[in-house]
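The structure is shown first, and the points are then grouped by topic.

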Amino acid sequence: MKMPRMKLLYLVFLFILLRIQLCYGDLADDYSDDEPAAAPPPGQDNCNGIFLSYAFTSRSKEYPHVKNVTAQSWAFNSIATIVNSGTEEVKGWKMFVGFQHREILVSASNAIVVDGNGDFPVAVGNGTTLAGYPMTDLKTAIDTAGDYTQISVQVQFTGTMFGIREKAIPMPKSIKLANDGWNCPKPTKYPTYMHVCCKKNPKFKAKSPKGKYLPKQYGDLNFMYDVLQAYEGSYEAQVTMDNNNPLGRLDHWNLTWEWMRGEFIYSMRGAYTHRIDYSDCLYGLAGQFLKDFDFTPVMNCQKRPVIADLPADRVNDTKIGKIPYCCRNGTLLPPLMDESKSRSIFQLRVYKLPPDTPKTALFPPQRWNVTGLLNPQYKCGVPIRVDPTEFPDPSGLQATTSAIASWQVVCNITKPEKKKTKCCVSFSAYYNDSAIPCGTCACGCDDIDTDTCNPNGRAMFLPADALLVPFENRTAKARAFAHLKHRTVPKMLPCPDNCGVSINWHLNSDYKTGWTARITLFNWGDAPFEDWFTAVEMKNAFPGYENVYSFNGTKLKSVKNTIFFQGLPGLNFLVAETNGSKPHDPKIPGKQQSVVSFTKKHTPAINVGRGDGFPTKVFFNGEECALPDDFPRSAGHNSRVSFTAIIFISIMTFLMMTDRFH
């Protein structure tokens, strides 16, 4: 049966209308021509806080293709999203992602890796913290009328991972908001997706900001990046470095950061860059945008410049000096030693590239890192916008001027990794003729041939006088001492400690009302240490500290159970290693030593010979030194076992003889 043509057209037209109705809804209810917004991810609608999610999107096998699963690398892509679903603005957002598959990030959009000290790629296999850049703050939907671009950030990851089977789905252990004062439960996990809702900790008491930006924070080492003058296409900034930690210190400091938007350093006062060269500008973006610019006077065009303090003889140089707190050859002392030398300042002129040429387009450098000669290792956070710094008016009037914009970078001391420290400690005692030297490879074995020594072998006990000569001159003494004590000599001797500075703690005496120790500092390097200091943590003996005789000694209030030692005036110089008096004599280390006395009045239960008389931590110029894994044992401790055995044998002999007479 044939259907009339008009009816067929009518049915087709009706079908089209129904199709439109099903796909787009009732057109009469639409008030906008825009496409409807995508549905929020699962869990976001029920989150009245900060919503974080992580979605794994893809991976592909990389070259080389190997049979070993743990060695096979995979390229991966994933997306992390952070949304402010609450009522409080989050300033300087930070997100932790618990990567666990030896991941190496190659790129991350809209964020920087806080734990990384340089460009991508960066290893994040133990998890990493990300901070927002260039969008650092997450506003609320209330303040932005629900503008998703201001309340959320999406971070797209590209990287490499290892050790994943063909069909396994590599997900991080966890995700959380890393800002202080927020609680994050365990994330809800799916095969390729996880999310968590973090809420404000009601017990957390944060400092209320007096102005528009976050209050300044406290760290072991604080940097201020203050923009003093702003021009079209450039600005002048001042960098202030403050040492706040009583054990913190820098010698010959080197500061690095990363320009993120093509900036370059035109000139500096109070500091200089190790590389003075403008070729990177000529052949880079600066040369393309600033075609008529004279780059000849430019100091540095590197993306990661290395900045150092000026030597002392440039302090009055009218061109590059004449800045307060500059020109100390990179020395930054603890406030306890000299408060005037715990600060360093330099200024710089920075040129910008389009589209950042307006005066108000100001962005600080990122990824700050600072190192010293033999000093603690610092981990620096991201620059945080704070209220503009105020300065005394240069005219001398009782007025203040303020910076145009200010950022703070907080750096804190980290504990050195095993076998990566720069100093070590040896122990010895009057009651034992075996000295326990620094541990094998205590300061690393990267620069020596480990085919000729055992990098994992235990350091051999030494006679006390062997600590006075370099490691290469101890072999004969160590072998002879081992034979004398009937100890086994390994076929391959342990490697040296490789430390430039070593400290010996020797128990000198132990009597009824007190005890004494002797501390000796050895400099095995070719550079001297001026204004040196050392500090010891005495966990059980601290209350009994009485005096130190050749140093200045101070009991620290801000660091638990720690005594601070520094050289007396005129004796604050630890000289470098020198040659012996004859060509074949061992080299002679620089040396400083003093006797330290303790009383037992406040520590009547102390047991000096069983460990209480040895420090639990030792620092040199702020660096925490590697300790031995044991301490000299008192012969009296062993004699108790022998005495018990003697009594037992005597009783048995007596009983046997008595039985014989019966």
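**Overview**

Among contacts in the protein with a separation of 6 or more, residues 24 or more positions apart account for 69%; a contact means heavy atoms within 4.5 Å. The model is a predicted one, in which local features need pLDDT of at least 70 and side-chain atom pairs count only at pLDDT 80 or more, whereas totals for chains, interfaces and linings use all residues. Residues are numbered from 1 along each chain as its sequence is written, and side-chain values use heavy atoms, with hydrogens and water left out.

**Composition and surface**

- The secondary structure comprises seven helices and 39 strands, where helices (H or I, at least four residues) and strands (E, at least two) are DSSP runs numbered from the N terminus.
- The protein has 662 residues, of which 45% count as buried; buried means under 20% relative accessible area, exposed over 50%, and partly exposed in between (1.4 Å probe, protein chains only).

**Confidence**

- The average pLDDT of the protein is 88, and 88% of the residues score at least 70; pLDDT is the predictor's confidence in each residue, from 0 to 100.
- Confidence is highest in strand 14 (residues 234–243), at a mean of 98, and lowest in helix 7 (residues 635–661), at 44.
- The pLDDT is below 50 over residues 9–37, a stretch with five contacts in the model beyond near neighbours in sequence.
- Residues 637–662 also have pLDDT under 50, and the model has two contacts for them beyond four places in sequence.

**Aromatic pairs**

- A search of the whole structure finds 31 aromatic pairs. Rings of Phe, Tyr and Trp (its six-membered ring) pair if their centres lie within 6.5 Å; planes under 30 degrees apart count as stacked, over 60 as edge-to-face and the rest as tilted.
- Phe 223 and Trp 368 form a tilted pair, with 5.3 Å centre to centre and 55° between the planes.
- This pair ties together parts that are 145 residues apart in sequence, because Phe 223 lies in strand 13 (residues 221–231) and Trp 368 in strand 20 (residues 366–371).
- Phe 223 is buried at a relative accessible area of 1%, and Trp 368 is buried at 2%.
- Phe 522 and Trp 524 form a stacked pair, because their ring centres are 5.7 Å apart and their planes are at 25°. Phe 522 is buried at 3% relative accessibility, and Trp 524 is buried at 15%.
- Ring pairs link Phe 223, Tyr 225, Tyr 235, Trp 253, Trp 257, Trp 259, Phe 346 and Trp 368 into a cluster.

**Charges over rings**

- Arg 367 lies over the face of Phe 120, at 5.1 Å from the ring centre. A charge sits over a ring if NZ of Lys or CZ of Arg is within 6 Å of the ring centre and within 35 degrees of the ring normal.
- Arg 633 lies over the face of Phe 631, at 4.2 Å from the ring centre.

- Ser 152 is found in strand 8 (residues 152–162) and is buried, with a relative accessible area of 11%.
- A polar atom of the Ser 152 side chain lies 2.6 Å from the backbone oxygen of Tyr 148. Polar contacts are pairs of N or O atoms within 3.5 Å; within protein, one must be able to donate a hydrogen and the other to accept it, and residues adjacent in sequence count only if both atoms are side-chain atoms.
- Not counting residues up to four places away in sequence, Ser 152 touches Ile 82, Val 83, Met 135 and Leu 138.
- Ser 342 is placed in the loop between strand 18 (306–309) and strand 19 (343–351), and is buried at 7% relative accessibility.
- The Ser 342 side chain reaches the backbone oxygen of Glu 339 at 2.7 Å.
- Beyond residues up to four places away in sequence, Ser 342 touches residues including Met 241, Asp 242 and Asn 243.
- Thr 273 lies in strand 17 (residues 271–273) and is buried at 1% relative accessibility.
- The side chain of Thr 273 has a polar atom 3.0 Å from the backbone oxygen of Arg 275.
- Leaving aside neighbours within four places in sequence, Thr 273 is in contact with residues including Ile 265, Met 268 and Val 306.
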